[in-house]
Amino acid sequence: MNIDRLMNSGKSVRPEQGNKKSSGQKDPKKPATKTKSSLTNQDKTVMSTSVFIVCIFLMFWEGLKACQLPQDNCPPGATLTLASPRGGAVYSKCGDTINKSMAKEAPQVNFQNVQPDSLYTLVMADPDAPFKDNPTQKYWLHWMVTNIKGSNLMDGNALGGDVVIAYIPPTPPKPEPGTTNPHRYMFYLLEQTDEPDTSLVNPEWRGKFRLDDFVINNGCQIVASFQYTTSF
């Protein structure tokens, strides 16, 4: 090796220095430094938890919407048929206005689109008690029967089942002078998925029955409904 040439070049021959390159040059053999993620593990946990909570809320909201009472109580193909207990037709069609004297006794209830061996719950309630423009006793519970056999509904004869609240006829109060006070009477048939939950029923007072919660507590399985209107 020509020592003089190396010394004259002004370059260091110390091995620990190696062959340094200018600071502006990149070593193609050196792997690129990874950019650190701006999200910490805690941030990712918070995001995952937030997404989970939103999903649970959406599922709960969809469930609530599915459990809401129907806006139309006379849906095609899912309307109960009600008749007087002695076989005469009381309600010509769902949504009629009737004379309250025609509903003094519990009606016969018929519905064909049921499973003969399944069990059902029937509820009758008044959402307009005591006055339609101020229903402080919504819903007034008029009737509830559980464990009704589907075959009995298909026959349209005696319901059978277990009477939770005995039938009382429509009793809308007399309206104020110059006003009207028509009341709607709603019937809902629920298919039972388990032992019926009647914990919301107060046998001492029929007013303020939480019908919406009752439907939720009993599986939200409304399979048919009916409604009529009557006045004092």
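The following legends describe close-up views of a predicted model. Local features were considered at pLDDT of at least 70 and side-chain atom pairs at pLDDT 80 or more, whereas totals for chains, interfaces and linings use all residues. Residues are numbered from 1 along each chain as its sequence is written, and side-chain values use heavy atoms, without hydrogens and water.

View 1. The strands follow the order 5-4-3-6-7 with antiparallel pairing. Strands (E, at least two residues) and helices (H or I, at least four residues) are DSSP runs numbered from the N terminus, and two strands pair if DSSP finds at least two bridges between them. Strand 5 (162-165) and strand 7 (222-230) each have a single partner strand, so one side of each edge strand is left without a neighbour in the sheet. In general, strands of a sheet pair through backbone hydrogen bonds, either parallel or antiparallel.

**View 2. The pairing of strand 6 with strand 7.** Strand 6 (residues 183-191) pairs with strand 7 over eight bridges in the antiparallel sense. Within this pairing, Met186 stands opposite Gln227 of strand 7.

**View 3. Aromatic pairs.** Rings of Phe, Tyr and Trp (its six-membered ring) pair if their centres lie within 6.5 Å; planes under 30 degrees apart count as stacked, over 60 as edge-to-face and the rest as tilted. The whole structure contains six such pairs. One of them joins Trp140 and Trp205 edge-to-face, at 5.1 Å centre to centre and 80° between the planes. Trp140 belongs to strand 4 (residues 140-149) and Trp205 to the loop between strand 6 and helix 4 (211-217), so the pair ties together parts that are 65 residues apart in sequence. Tyr185, Phe187, Phe226 and Tyr228 form one aromatic cluster.

**View 4. Two salt bridges.** A salt bridge places a side-chain nitrogen of Lys or Arg within 4 Å of a carboxyl oxygen of Asp or Glu, and a search of the whole structure finds two. In one, the closest N and O atoms of Asp128 and Arg184 are 2.7 Å apart. Asp128 lies in the loop between strand 3 (119-126) and strand 4, and Arg184 in strand 6; the pair therefore ties together parts that are 56 residues apart in sequence. Residues are classed by relative accessible area (buried under 20%, exposed over 50%, partly exposed in between; 1.4 Å probe, protein chains only). Asp128 is buried at 1%, while Arg184 is partly exposed at 27%. The side chains of Asp213 and Arg210 also form a salt bridge, at 2.9 Å from N to O.
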